[in-house]
Amino acid sequence: MNCDDINNAIYVYLDGELAAPEEGDFEGHVSACRRCSRLLAQESGMLTAVRANAPQPKAPESLRLRVLAALDEAPAPLPAEARAQAPRTSAWLVGAGWIGAIAAVVIAMVLAFGKPAGGETDERRVLVESVAAHRENLPMEVRGSEQQVRQYLQENVPFPVEIPFDDSQAIRLTGARLTRVGGREAVLFNYDVQGERMTVVQVATPPEAEAADAETEPSFSNHQGFEVVTFRKRGIINSVVGQGQSPGKIVRASYAQ
Ligand SMILES: [Zn+2]
């Protein structure tokens, strides 16, 4: 396995779903690679925080039945004998039969929820992870002026980053760091809003997503006692988290300009 394979398989691994030989390869690479071991520590910490904090939505019974029916109809992935020896099938190196089964499950989910994966669910994921990141208060990788932050990000982030808000009397950029949301590279900005910390997480929409360049109006919500504002600008999802009403005020002010 190389670093890309680790990146692709990390959630499957964290869910304990990798088959034994791949699990061994995965752990072998991670123990030898500093970058991947850092990534694994970060992702597992984030996942733990998100799982501890997020309410688990329950799928409706009708969806469960449709998924089971879809799996019944899918061809068996392996001969019966091999399957008995390998009960945990790798979910990331799947045969054509399983791709059919997974496609059927995705179709069932789209039918059940009426929206494709990668649409509004992306915003929700960024929202939940931005609140977890705000609570964790991770150290910044770059501190200093807006220009220093911008330069650091230009050198280190693979998508066009926009500093979310200009400095003013009310708000000052204090630093930034790279992070990941759902396996994708993301940037976390810290602002000082009259003595209080405010977090902005930015994630690029995957280019294959239907709404990659879409702009969305700010959506205001409350999650675990924090006000959160999410919006999409030039294909970048922004999630703003802070105390009191400051995220809403700041986003409204920036849209009013
Ligand atoms: Zn690696």
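Which residues cover one side of S7, and which the other? Let's keep that question in mind as we tour this predicted model, view by view.

**View 1. The whole chain at a glance.** The protein has 9 helices and 7 strands. Of its 257 residues, 25% count as buried. Among contacts between residues at least 6 apart in sequence, 59% join residues at least 24 apart. Keep the sequence beside you as you look, and find each element by its residue numbers.

**View 2. An open sheet of 7 strands.** Reading across the sheet, the order is S1-S2-S3-S4-S7-S6-S5, and the pairing is antiparallel. Strand S1 (142–143) and strand S5 (216–223) stand at the edges with a single partner strand each, so one side of each has no neighbour in the sheet. Helix H9 lies across S2, S3, S4, S5, S6 and S7, and runs at about 30° to S6.

**View 3. Strand S7, covered on both faces.** Here is the reply to our opening question. On one side of S7 sit Ile 236, Asn 238, Val 240 and Gly 242, on the other Ile 237, Ser 239 and Val 241, and all of them are buried. With 7 of its 7 residues buried, S7 is therefore largely enclosed by the rest of the structure.

**View 4. S7 and the strands it pairs with.** S4 pairs with S7 in the antiparallel sense over 6 bridges. Look for Val 201, whose bridge partner in S7 is Ser 239. S6 also runs antiparallel to S7, and 7 bridges join the two. In this pairing, Arg 232 stands opposite Ile 237 of S7. S6 and S7 form a hairpin with 2 residues between them, and Arg 234 in the turn has a positive phi of about 45°.

**View 5. The pairing of S3 with S4.** Now move along the sheet. S3 and S4 are joined by 8 bridges and pair in the antiparallel sense. To find your place, look for Val 187, which stands opposite Gln 202 in S4.

**View 6. The largest nonpolar core.** This core holds 35 residues, and Val 201 and Val 240 touch the most other members. At least two residues of the core come from each of these elements: helix H7 (120–136), helix H8 (146–156), strand S2 (171–181), strand S3 (184–193), strand S4 (196–204), strand S6 (226–233), strand S7 (236–242) and helix H9 (246–256). H7 gives the largest share, 6 residues. What does Val 240 touch, leaving out residues up to four places away in sequence? The list is Met 198, Val 200, Val 228, Val 229, Pro 247, Ile 250 and Val 251. Apart from this core lies another, of 8 residues, among them Ile 6, Ile 10, Phe 26 and Val 30.

**View 7. Two helices crossing.** Helix H2 (residues 20–32) packs with helix H3 (residues 34–53) at an angle of about 110°, and their axes are 5 Å apart. The two helices are therefore roughly perpendicular to each other. On the H2 side, the contact is made by His 29, Val 30 and Ser 31; on the H3 side, by Cys 36, Ser 37 and Leu 40. Sorted by class, the contact of H2 with H3 has 3 nonpolar, 3 polar and no charged residues.

Definitions and conventions: Residues numbered from 1 in each chain as written. Predicted model: local features only at pLDDT ≥ 70, side-chain atom pairs only at ≥ 80, totals over all residues. Core = buried A, V, L, I, M, F, W, Y, C linked by C-beta atoms within 7 Å. Buried ≥ 20, exposed ≤ 12 C-beta atoms within 10 Å, placed from the backbone. Helix = DSSP H or I, 4+ residues; strand = E, 2+ residues; numbered from the N terminus. Contact = placed C-beta atoms within 7 Å. Axes fitted to C-alpha atoms, helices over the stretch in contact; angles between N-to-C directions. Parallel < 35°, antiparallel > 145°, perpendicular 65-115°, else oblique. Nonpolar A, V, L, I, M, F, W, Y, C, P; charged D, E, K, R; others polar. Pairing = 2+ DSSP bridges.
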